[in-house]
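I opened the notebook to look up ring contacts and the nonpolar core. My entries follow the structure.

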Amino acid sequence: MEKCEDLEWVEAQKIVITTDLVTATKRHLKFLKAVHDNGKLYNGCVLERAVFRYKYCWLPLLAKYTSRSKISEWRLVVPLDCEWIWHCDRLNPVSCLTTNENLVHQYVKTTKYQIYATTFICYHVYVRYMSDCKELFGIILDPCGVVISSVEGPCKKETEALWNAMYPEEPYELDFDDCFPNHTQNRLASSLSTKYDLVSAVERQSSFYYQVSRSFMKDDIFLEGAVERYKGFLHMIRRNIGTKSNKFCVPTYDIDLMWHTHQLHPLSYCDDTMCLLGNVLDHDDTDSDRTKGHKLDSGFSKTTKQWNEMFLSRYWRAGAMYMPPVQSQKRCIKPSQLFEIMSMEVIF
């Protein structure tokens, strides 16, 4: 990142983000690698079984034990398959956009899972994951302080015991070679759950690791620069809202990585973006067409121009630009292809 004393840049760096994004991003990348290395959670019967277990097993278990005091003594360890679906669920686009000025929306601000609500009437977006949690469980299920990632949890026996008590016919660890429906699936399928198309959400997110899998993405200096640039991106959106501009801002992949990581902490994300923008910032991942002249392509060109003019520095950053899939693959690039692709990117 070029040093810049531009006043807009200085103002952008004052933005407060209540999640340690550098540390959280390292965990985020470690988890994405584990999912990629597993190789079976992107589609097929394994994905379908994972979606079922997430909706009907993991979320109810998490809701049941989140507010219990004994959770502070040890934390729940989420199974890998459930964690992957949970991950994609928290990154989905908003569930609806309402312009009903008579609608009173409750913005939920939670501290240690004690709920306080502030009501206001305005145009507002509802983030699907948060609204689903409130509707189904009465609380936003946030991993902070409660859940340990499947790739970091050294001891799963306490969580496994709780799981087995609630779901004696459903194993805690999914056998990826045996994912056929069982009696538990038939019995629990009638329970209330999110209606969001999680299979499609996974399909949209399955190629993301490919774009952020290069080794330098884990480097502290690179990540610290990415946090600064993410704040610049948020500041640019704030300026657009202030001027009533309808510009579509498209992030580079270092910024998008920070954006994803921030969203994985829903209470922090909701609080931070509400304070900054007066609204929960939407992350719409439904458009992936980068054809010249289409929305993403033209949006990126306009974002680049606005960034360059606003911050007097370049938006382009080596290693953070879009990489076309290698040989039509939508997963992680092979190590042997790293240098070739990076060289092509720099030339481009």
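Which residue lies over the face of Trp86? I found Arg90 there, at 4.2 Å from the ring centre. I counted a charge as over a ring if NZ of Lys or CZ of Arg is within 6 Å of the ring centre and within 35 degrees of the ring normal. Arg317 lies over the face of Phe222, at 4.0 Å from the ring centre.

The model is predicted: local features need pLDDT of at least 70, side-chain atom pairs count only at pLDDT 80 or more, and totals for chains, interfaces and linings use all residues. Residues are numbered from 1 along each chain as its sequence is written, and side-chain values use heavy atoms, leaving out hydrogens and water.

Next, ring pairs. I looked up 14 aromatic pairs (Phe, Tyr and the six-membered ring of Trp, centres within 6.5 Å; planes under 30 degrees apart stacked, over 60 edge-to-face, the rest tilted). Trp9 and Phe311 are edge-to-face, because their planes stand at 85 degrees, with ring centres 5.2 Å apart. Trp9 is in helix α1 and Phe311 in helix α13, 302 residues apart. Trp9 is buried at 7% relative accessible area (buried means under 20%, with a 1.4 Å probe and protein chains only). Phe311 is buried too, at 0%. Ring pairs join Trp9, Phe300, Trp307, Phe311 and Tyr315 into a cluster.

Last, the core. The largest nonpolar core has 80 residues (buried Ala, Val, Leu, Ile, Met, Phe, Trp, Tyr and Cys joined through side-chain atoms within 4.5 Å). Helix α3 (residues 44–66) gives the largest share, 11 residues. Helices here are DSSP runs of H or I, at least four residues, numbered from the N terminus. Trp86 and Val212 are among the residues with the most contacts inside this core.

Terms used:
Helices (H or I, at least four residues) and strands (E, at least two) are DSSP runs, numbered from the N terminus. Buried means under 20% relative accessible area, exposed over 50%, partly exposed in between (1.4 Å probe, protein chains only).
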